[in-house]
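Welcome, and thanks for taking a look at this one with us. Please have the sequence and the model open side by side as you read.

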Amino acid sequence: MALITQAEFARQLEVSKPYIHKLVKKGIIKLRNGKVDTEQALAAMKANADPANALREESPAEVIPAGGNAAGAVDFVTARTMREAFRAKLAKLEYEEKSGKLTDAVKVRNDAFKAGRIIRDELLAIPDRLADVLAAEDDPGSVRQIIFEELEKVLQRISE
């Protein structure tokens, strides 16, 4: 039970003197003969501490328990921290989607399926279009050229 001045108590805690004076005015720290009882003051400050400050000082691994307790319950501060982290991630995803950095995976899958279907249909139609023309050709070089030109036409149509 050491009694010291407010200024000395502030120096020991490495906080400002006005902060200690504010705690005295609020009644958190009680003075005895105009001096601070360090044990009582530290206990009172700890009891009135903001739980969010403790979270800011802890590392993220300590904030979210790995296994939780036996019942699987999470305390209020941890739940709130988890909720705020989730909201931040959701806001980031929404921003990236609206700015064009992200797109809906289902839409991409559907568009890719449609593009693949068009390519497949165009390529499968080539034999029907060329069967009669190629049957009349005797020269393998001209058969190759006809097939090549038809493939180029199909690919050009698809790319447009």
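Predicted model: local features only at pLDDT ≥ 70, side-chain atom pairs only at ≥ 80, totals over all residues.

The protein has 8 helices and 3 strands, and its elements follow one another along the sequence as β-α-α-β-β-α-α-α-α-α-α. Of its 160 residues, 16% count as buried.

**Overall picture**

- The accessible surface of the protein amounts to about 12600 Å², and carbon and sulfur atoms contribute 57% of that surface.

- The 3 strands make an open sheet in the order E1-E3-E2, and the pairing is antiparallel.
- Strands E1 (3-4) and E2 (31-32) are the edges of this sheet; each has a single partner strand, so one side of each has no neighbour in the sheet.
- In general, strands of a sheet pair through backbone hydrogen bonds, in a parallel or an antiparallel way.
- E1 and E3 (residues 35-37) run antiparallel and are joined by 2 bridges.
- Helix H3 (residues 38-47) lies across E1 and E3, and its direction makes an angle of about 70° with E3.

**A nonpolar patch on the surface**

- Phe86, Leu90, Leu93 and Leu102 together form a nonpolar surface patch with about 370 Å² of accessible area.
- Phe86, one of the patch residues, sits in helix H6 (residues 76-98).
- Phe86 counts as exposed because its relative accessibility is 53%, and the cut-off for exposed is over 50%.

- As background, most residues other than glycine have a negative phi.
- Glu14 is not a glycine, yet it has a positive phi of about 60°.
- You will find Glu14 in the loop between helix H1 (6-13) and helix H2 (17-26), where its relative accessible area of 74% makes it exposed.
- Asn33 is not a glycine either, and its phi is positive at about 55°.
- The loop between E2 and E3 holds Asn33, and this residue counts as exposed, with 78% relative accessibility.

Key. Residues numbered from 1 in each chain as written. Heavy atoms only, no water. Helix = DSSP H or I, 4+ residues; strand = E, 2+ residues; numbered from the N terminus. Buried < 20%, exposed > 50% of the residue type's maximum accessible area, 1.4 Å probe, protein only. Areas by Shrake-Rupley, 256 points an atom, 1.4 Å probe, with all protein chains shown as cover. Pairing = 2+ DSSP bridges. Contact = heavy atoms within 4.5 Å. Axes fitted to C-alpha atoms, helices over the stretch in contact; angles between N-to-C directions. Patch = residues over 30% accessible without salt bridge, like charges linked within 9 Å, V, L, I, M, F, W, Y side chains within 5 Å. Salt bridge = Lys/Arg side-chain N within 4 Å of Asp/Glu carboxyl O.
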